[in-house]
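Me: Hi! I have a structure open on my screen and I would like to learn how to read it. Could you walk me through it, one feature at a time?

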There are 2 protein chains.
Amino acid sequence: MTSPLPGSIHRASLVAEVIAIGSEMLFSNRVDTHSVYIAGRLDGYGVPLIARSIVGDDSRVIKQALGLALTRSDFIFLTGGLGPTEDDVTRHAVSELLSLELKYHSEIVEQIKDRFRRLGRTMNEINKRQGFILETATALENTEGTAPGQYLKYEGRHIFLLPGPPQEMQPMIQRHLIPLLDQLGLRPASRKYFRIAELPESHVETLVAPIYRQYPEIHATILAAPGDIELFFRAEDDSSRLSELADRITQVLGDSVYATEEITLEVVLAHLLKERRSTLAVAESCTGGMLGEWITRIPGSSEFFLGGVIAYSNTLKSQLLEVPPKLLHRYGAVSAPIAEAMAEGMRKRVGSDYGVSITGVAGPSGGSEAKPVGTVFVGYSDGEKKQSVRFHFLGDREVIRIQSTRAALNMLRKEVLQSKRQARGRKSKA
Amino acid sequence: MTSPLPGSIHRASLVAEVIAIGSEMLFSNRVDTHSVYIAGRLDGYGVPLIARSIVGDDSRVIKQALGLALTRSDFIFLTGGLGPTEDDVTRHAVSELLSLELKYHSEIVEQIKDRFRRLGRTMNEINKRQGFILETATALENTEGTAPGQYLKYEGRHIFLLPGPPQEMQPMIQRHLIPLLDQLGLRPASRKYFRIAELPESHVETLVAPIYRQYPEIHATILAAPGDIELFFRAEDDSSRLSELADRITQVLGDSVYATEEITLEVVLAHLLKERRSTLAVAESCTGGMLGEWITRIPGSSEFFLGGVIAYSNTLKSQLLEVPPKLLHRYGAVSAPIAEAMAEGMRKRVGSDYGVSITGVAGPSGGSEAKPVGTVFVGYSDGEKKQSVRFHFLGDREVIRIQSTRAALNMLRKEVLQSKRQARGRKSKA
């Protein structure tokens, strides 16, 4: 799925690791988002993560993980286990292993009390446990919750104890890790980032590998998700070579690149639509609402998104989108004419500037020889232009639906961009 | 988020851990599905996972992780790093740490060659690397790929080397781990499982803790996600006590329990609707399509799901759902009358048996004193009955939307169940 590209070289001297604490993470299939976030921040400074451990609320196992980390890592992040209950053993585990006392800070407990008061509640007695800080550590204020973080330097290692909830942990990283990295003289590595829709990973690799192989001093990484690829290049020294490489990559990838920063396709599209004060409505069949759901993840999407129809049954396609039943009968629901009629019907129905549609066979059943599972049509209408594109996606139901949604977002992005260029073109001619 | 319930006792004597190998997993936000799968299999036999490590393709770090695992775990699973390239260092790392030679097995390479031949391809020379097996290990055939697995017993520890791709790894676990557990005399543990919607974790705990505390020999675990709770009880010996506990838990939780097996709320609802041959349509505002998306994740959902309207703007609520503009003006879009009008309008519009709606303030902006962020109304209509429930969810935009979607699914589940009971009641009277 993902790989450091062949020929890339890693030369960072400082390394980091994350120890995520919480029994639930041993069972559940939830992502340990902490590590991903921390890895991303550190990577910008050329500090790689060498290991992630996930351990239960078990003092002995936490100490073993920290003990191993101390032998090899310059930055050690323990996340979770700072809550007020008896399960929350991180503070004590670190205290025992490093033979550092925990000191009670009444002023921290006062802050926690204040927080409860502001929420109209009373602090529980057990929250007092969160006032204990390791004797050589600095308490890190938690602006989003009760558990303070802790930072200490121990035998040359930088150790962070951070609360588990991402919304509490991430601001602490921003406020305390980044300044520390700066202070340690680490400079943000020069990076170039590309986010690519539409092309399969193997195709991207075929395009970019012959180029980046000519830059052996630059570290390249590719991450692939269905219909979405991230490409990173990192140089530790001279950045003129990096710029040169980035320019060449930009040329070969063209408008498949939808962003050069870490934002999603729907966010890029949202910017474009807001900029133009344009509105959008969607008509979905096999994705069942996924396109609308992704768009409305963005706070403020109501500025440009009017809504849509989940036209799962043919009846709804006719009733709500005015797709002529004759057309459905003649071409079938999964076809170019229906995709276009859905996009056009939606747009007209609600008076949006753009209409986008998805109709396809997400499987596992419903495929035919002519239209096997994975056949998806994405339709587009802007009042002047109507079009559709046929895709054949591989993967299970979920993966096909994700790729369909990305394809629809990307088609719209390209069209909006195009019409923007035209608008500009017209203006400059005037 | 999740915790073994207080007072529960863990008495398993054998423990396991997983070491997942692959640099890509240090960067990407993909779940390490191996661990989840292995943990699930072992849990059924009462063998808990005590740690998961994720390490790069780095021999030194792999050896450190394995070294630590050997000090504490009875079952050790190394997944990944068995491929044919130079990045794949698992075999060598284990060989070095345990001072075991790697022996070349030409018959394994012949099998790999055969596999390539069947696919109409020629084996690469580098695949010969996959023919090396640790001298005391048994090769585990890979029916789905090229890399054989390996199993060895080392100083009383059971060590598995398994290929990374889940479709290759999982059959090996089935074929080799389960028989080993049986052979070691471990019996599948007795388990009772509850899946609960609607109630907050703290409320569930308050209800169930006084009961399960009377069964100290039974191991209890609670996993909480927004609007969804899983409760496990595991007994290692006598299961009559477990049945007794389960009965009592069923009584206190009532119809908040939506499943006693590992299935999702939308799957339970789908069963109910299919059983009754009833149809459903949805009208969503703040969830923007999430409800439809969840329902249509289920293959074959077209049997009961007609579709829906994403009525993100007020205009759409009136245009497509026939919500009277006057009503919108009087009560505001986030209100009980509008939720009911949306559900009713949707149902009538498309002629479904049930209509369900969601309208709310997902935030971060848009809240007011009367209707703060997190205020959500779920509406319901079945032609005879119309109703709505007001919720106040806590969390960020995403969490509020997830809870809203679960609340809508659950309200519908309860209503369908209710009308089913009535239908049965009517029948028995007739």
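**Reading two chains together**

Reply: Happy to! Let's begin with how the chains relate: chain A is superposed on chain B by a rotation of 179° with 1.6 Å of shift along the axis, and the RMSD is 1.9 Å. The two copies are therefore related as by a two-fold rotation axis. Keep in mind that this is a predicted model.

Me: Which share of the contact residues of chain A recur in chain B?

Reply: The share is 93%, and the same surface serves both copies.

Me: What does E3(A) pair with in chain B?

Reply: E3(A) is joined to strand E3 (residues 49-55) of chain B by five bridges, and the two strands run antiparallel. To find the pairing on your screen, look for Arg52(A), whose bridge partner in E3(B) is Ile54(B).

Me: Now a single chain, please. How many helices and strands does chain A have?

Reply: Chain A has 14 helices and 18 strands. Its C-alpha trace spans about 80 × 55 × 50 Å along the principal axes. Of the 430 residues in chain A, 48% are buried.

Me: Which domains does the domain assignment give for chain A?

Reply: The assignment gives domain 1 (12-183), domain 2 (190-259) and domain 3 (265-429). Taken over C-alpha atoms, the centres of domain 1 and domain 3 of chain A are 44 Å apart.

Me: Which residues have the most contacts inside the largest nonpolar core?

Reply: They are Met342(A) and Met342(B), in a core of 145 residues. Let's take one of them and set aside its neighbours within four places in sequence: Met342(B) is then in contact with Ala283(B), Ala311(B), Lys317(B), Leu321(B), Val323(B), Ser357(B), Thr359(B) and Gly379(B). Apart from this core lies another, of 93 residues, and its members include Leu49(A), Ala65(A), Tyr45(B) and Ile54(B).

Me: How do I read a hairpin? What joins E11(B) and E12(B)?

Reply: Follow one strand, then the turn, then the next strand. Strand E11 (residues 219-225) of chain B pairs with E12(B) in the antiparallel sense over seven bridges. Ala225(B) stands opposite Asp228(B) in E12(B). Two residues lie between the strands of this hairpin, where Gly227(B) takes a positive phi near 75°.

Me: Which other strand of chain B is joined to strand E12 (residues 228-235)?

Reply: That is strand E10 (residues 190-197) of chain B, joined to E12(B) by eight bridges and again antiparallel. One pair to look for is Ser190(B) with its bridge partner Ala235(B).

Me: What should I look for in the backbone angles?

Reply: Most residues other than glycine have a negative phi, and most peptide bonds are trans. Exceptions are therefore worth a look. Ser99(A) is not a glycine, yet has a positive phi of about 50°. Ser99(A) sits in the loop between helix H4 (90-98) and strand E5 (102-104) of chain A. Glu198(A) also has a positive phi, near 85°, and is found in the loop between strand E10 (190-197) and helix H7 (201-212) of chain A.

Me: Is Ser99(A) buried or exposed? And is Glu198(A) buried or exposed?

Reply: Count the C-beta neighbours inside 10 Å. Ser99(A) has 7, so this residue counts as exposed. Glu198(A) has 23, so that one counts as buried.

Me: Where is a cis peptide bond in chain A?

Reply: Look between Gly363(A) and Pro364(A), where omega is about 0°. Pro364(A) lies in the loop between strand E16 (354-360) and strand E17 (375-381) of chain A. In chain B, a cis peptide bond joins Gly363(B) and Pro364(B), and Pro364(B) is in the loop between strands E16 (354-360) and E17 (375-381) of chain B.

Note on methods. Residues are numbered from 1 along each chain as its sequence is written. Chains are lettered from A and ligands numbered from 1 in the order in which they are written. This is a predicted model: local features need pLDDT of at least 70, side-chain atom pairs count only at pLDDT 80 or more; totals for chains, interfaces and linings use all residues. A nonpolar core is a set of buried Ala, Val, Leu, Ile, Met, Phe, Trp, Tyr and Cys residues joined through C-beta atoms within 7 Å. A residue is buried if 20 or more other C-beta atoms lie within 10 Å of its own, exposed if 12 or fewer, and partly exposed in between; C-beta atoms are placed from the backbone. Two residues are in contact if their C-beta atoms, placed from the backbone, lie within 7 Å. Helices (H or I, at least four residues) and strands (E, at least two) are DSSP runs, numbered from the N terminus. Two strands pair if DSSP finds at least two bridges between them. Copies are superposed by least squares on the C-alpha atoms of residues with pLDDT of at least 70 in both. Domain bounds come from an automatic or database domain assignment.
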